[in-house]
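Please read them alongside the sequence and the structure shown here.

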Amino acid sequence: MDWNLLLTQFLNGLQLGLLLFLLASGLTLIFGIMDFINLAHGSFYMVGAYFCATLTLLTGSFVLALLMSVAGVFVVGLVIEASIVRRLYQHDHLDQVLVTFGLILCFDTLVHLIWGPEGMAIPLPRLLDGQITVGSLVFPTYRVIIIVSGLLVAIGLYVLVMKTRLGMLIRAGASNRVMVSALGVNINRLFMIVFALGAALAGLSGLLIAPITEASIGMGNEIIILAFVVVIVGGIGSIKGAFFSAVLIGLIDTMGRSYLDDFLKLFMSIQNAETAAPALSAMLIYILMAVILAVRPQGLFPPAGAR
Amino acid sequence: MKDYLPSTLSGIAYTGVIILLAVMPVITSALGQGFYLDIFSRIMILSIAALSLNLLIGYGGMISLGHAAFLGIGAYCVGIPVYYEIYNGWIHLGLAIVASGIFALVTGAISLRTKGVYFIMITLAFAQMVYFTFVSLEEYGGDDGLVIVLRSEFGNWLDLESAVVLYYVIFFVLLLTLFFINKLVKARFGRVIVGSKYNERRMQSLGFDTYRYRLVCYVISGILCGIAGVFLGNFTSFISPEMMGWTRSGELIFMVVFGGTGTLFGPIMGAGIFILLEEWLSAITIYWQLIFGAILIAVVLFGRGGIHGLLTRSKRR
Amino acid sequence: MNTLKKLLTGFVWACATLGYTVASADSVKIGFVTTLTTPAGVIGQDMVDAVNLAIEDIGGKMGDLDVELMVEDDGFKPEIGKQKTDKLVKQDDVDFVAGFIWSHVLLASQKSALDAGKFLISSNAGPSQLAGELCHENFFSTSWQNDQTPMAMGEVLNQQGVKSLYIMAPNYAAGKNMVAGVERTFQGKVLGKDMTKWGADAQLDFSAELAKAKASGAEGIFVFYPGKAGGAFIKQYQQAGLQGQIPLYSVFTVDSIALPKLQEANMEGVLGSRMTQFWVPDLDNPQNKKFVSGFKKKYGRYPSFYAAQSYDTIFLIKRAVEAVNGNLDDKDGMRAAMMKADFPSVRGKFTYGNNHMPIQNFYLREVVKDEDGVWTTKTVSTVYENHQDTYAQDCKM
């Protein structure tokens, strides 16, 4: 057993999980509080990456661009909520799926129109572009940054949800929607803020991954399905659930990619194992979700009092 | 009288569509537009798939986001035997019915324990598993898919290699499907399914085992979609896992909603408009998806009830 | 009733004659199927740009005939590629179907074009099936068979004394061919291999795989990541600190599409990295000089190899059309003319094998800065001369 490799893969899995958490935390709030299925959540992930790429080139500072982009995606979220999403709270899930599917098409094509098909790279400052060495472990600095920011946001969200008035309303909304509106809270404003907050978190997630891959069209469409899995496994509306299930799924995915082929080689040809392993590790996640849905449909950590 | 007029309008429209489909090969060959025969073949295949999904969504209130899996299973039931040089179409059809039936029975039995959004997600999960299974099947092309060198053989008198023959076979299957679904929803079975969509408790208290009814409905729907898959495989002469991705399932839902959920003919109109829009818009501009997406949003926000709804609008009000 | 009948007949007749006049117009119709949407659209755009440049360079004429180009987007999907090919064949009645970036799209579309008796010219995809058992008299390639380029790379690795290798490629037709190619010629040990998810939603984060590559202790890493995945891979390779530890040997990964973005992101690790290919922007022949300088002038960037192959496609078709003096029904004459491969190609002189895949040279190339400071590639040496793919023997032609 190569412990160094295991530790590296653990960190890789944690990093993927935390990115997923950033994306899923907004999704689970929107889902839990507004009972709204937002397939277009991945579009905010993409828009965040493109904003950040453009602003990094304009301002020359990644950090400055990051802050401006998150604010920018927050505004985009506000606009989308007020113009389209708001009309759909009363509709059934089917309509929501369709409209947000249409939104994905619109966002993807708009990005193609504005930025062209080729995608954009985000240059990192030298400081973040290297590696951190601890003993014999060498890990990319930037991935450490992602892990740290993911954890910071998780703590921030925890404080927001548990210690503030807005958080109290969010918690109340997730477990009993009718109750909150009955209390005379301006429910429209609450929904708008939660939606835009979720969008901003998705944007943050997208712009954090972009320096590793790049900003590209449709980058949110695959990961959004994974984010939904996170939401379902964790329990709809639960931030805590989203956190643990995101990390769990990040680890399953990474560990599957790292070790499953060696495992499969024990009982199938090397050639078949090499091609079957990535598909199987992708499948593991859906098996996990199906099992949880069949056995414990409310998820691992359902919000208190929900359903 | 006033009440009947609009539905007669839709009745005329639907009869027109069937007649139009019946004479389509004559029209396309007269106009020298052989390509449109292919387009309409594809529309009819996806119509069968959408009709089967409508049985779940429209009548049963079960929103499945994994229906494309059945399409893929059906298509692979042609591709894999052909790979082993078994060309008999009856074997392909039989295999597809058995395979999609068993898959529907097993996944349905688990999925139907859940409701609403959980049902959406669990059907998606099962479809993704099928998708990744075929991606990992190296022997059958994995990600690249399989070329189907020869189409299914149903005897000498029925040569599917001819575009017109294939067209009429699909047309015949479409008519059969329509006839079958019409009978099914009007029978007691259909009334229980629709009844439990609106008030499951009531149906249960009337002594119906709604879970069992739904499961049967799910299996029938899966088998119908598997049959559509057999023809999709034959039509494209090629299959790949890409054809059963979750976006394809989303497109099928779109066809159902666009046409009008829970109506007999809606899915056919939905499939037709979906594919024609895709074909025409993509010929105009590579940015066609923007228009397509906008139409999608507009239909849901402003055009409730789909095309069928437009045709019967005055009746509703 | 009678009037209606007359009207209908008249309408049908009018349409039929209209169709006839269009078909007999004095033009060569070329259908070009490529990917214009999805992130892979950047490759398709490069190809279409090159085709347009080629048509401009020949004055829009092949012999006496006008060139009519119809570009279709396959959306990266085999099924759509087939539908677009059907449209080109049945509705537009093109004389040539060309283009095709992706092996699976080409495999899904080939039957539609070939069954209709059209010429099918691949401007990029080179799946082993079409080079071998599925080869066809009307199929030609202006690119290469997938295995050839990595085979040349395997040869280079042997020459440089690399003893062990870690392999990474996407899990689709071309990826598997590339891996098969390098494994065929590389004589050292393969310490590990990862086939990653591909398609419209390809895996772009290679953290787990790079960690495995590093832990394997291989002396080199061989990768094939075309399009945007190439840029993503190079960045992560550098971020993971593998540069200088495990030298990178790639095919079709660092191209003129990836390089500008890598330069933008200051990924200097890619400078000096080596790859094999049948074509290099600095190849010394008149056609290539005309092509590269023309492309840079018109579009302000270096052409990619996709562009080079597409540029060649037009000149190959031109040669065929001129050989039969514009008589497009003379399929045999056009086929014979294309077989000769005597059109001016950007790769210089080459010949066609029995399977209509090029028998051509393969070069080792290196990433350098040009005189303007722009990152590009230059020729280091010739690895193979007149190399033929191994699937040619499976082709019964």
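What percentage of the 397 residues of chain C count as buried?

1. Of the 397 residues of chain C, 62% count as buried, a residue being buried if 20 or more other C-beta atoms, placed from the backbone, lie within 10 Å of its own. This is a predicted model, in which local features need pLDDT of at least 70 and side-chain atom pairs count only at pLDDT 80 or more, while totals for chains, interfaces and linings use all residues. Residues are numbered from 1 along each chain as its sequence is written, and chains are lettered from A and ligands numbered from 1 in the order in which they are written.

2. Chain C has a radius of gyration of 22 Å, which agrees with the value near 21 Å that a compact globule of 397 residues would have; the radius is taken over C-alpha atoms, and the globule rule is 2.2 Å times the number of residues to the power 0.38. Along its principal axes, the C-alpha trace of chain C spans about 85 × 45 × 45 Å.

3. Chain C holds 13 helices and 14 strands, these being DSSP runs numbered from the N terminus (helices H or I, at least four residues; strands E, at least two). Among its contacts between residues at least 6 apart in sequence, 72% join residues at least 24 apart, where a contact requires C-beta atoms, placed from the backbone, to lie within 7 Å.

4. The domain assignment divides chain C into domain 1 (28-144 + 284-361) and domain 2 (148-277), with bounds that come from an automatic or database assignment. The centres of the two domains, taken over C-alpha atoms, are 28 Å apart. In domain 1 of chain C, 17 residues are in contact with 14 residues of domain 2 of chain C, and α2(C) gives the most to that side of domain 1, with 3 residues.

5. Chain C meets chain A through 33 residues in contact with 33 residues of chain A. The side of chain C that touches chain A divides into 11 nonpolar, 12 polar and 10 charged residues.

Methods. Contact = placed C-beta atoms within 7 Å. Nonpolar A, V, L, I, M, F, W, Y, C, P; charged D, E, K, R; others polar. Buried ≥ 20, exposed ≤ 12 C-beta atoms within 10 Å, placed from the backbone.
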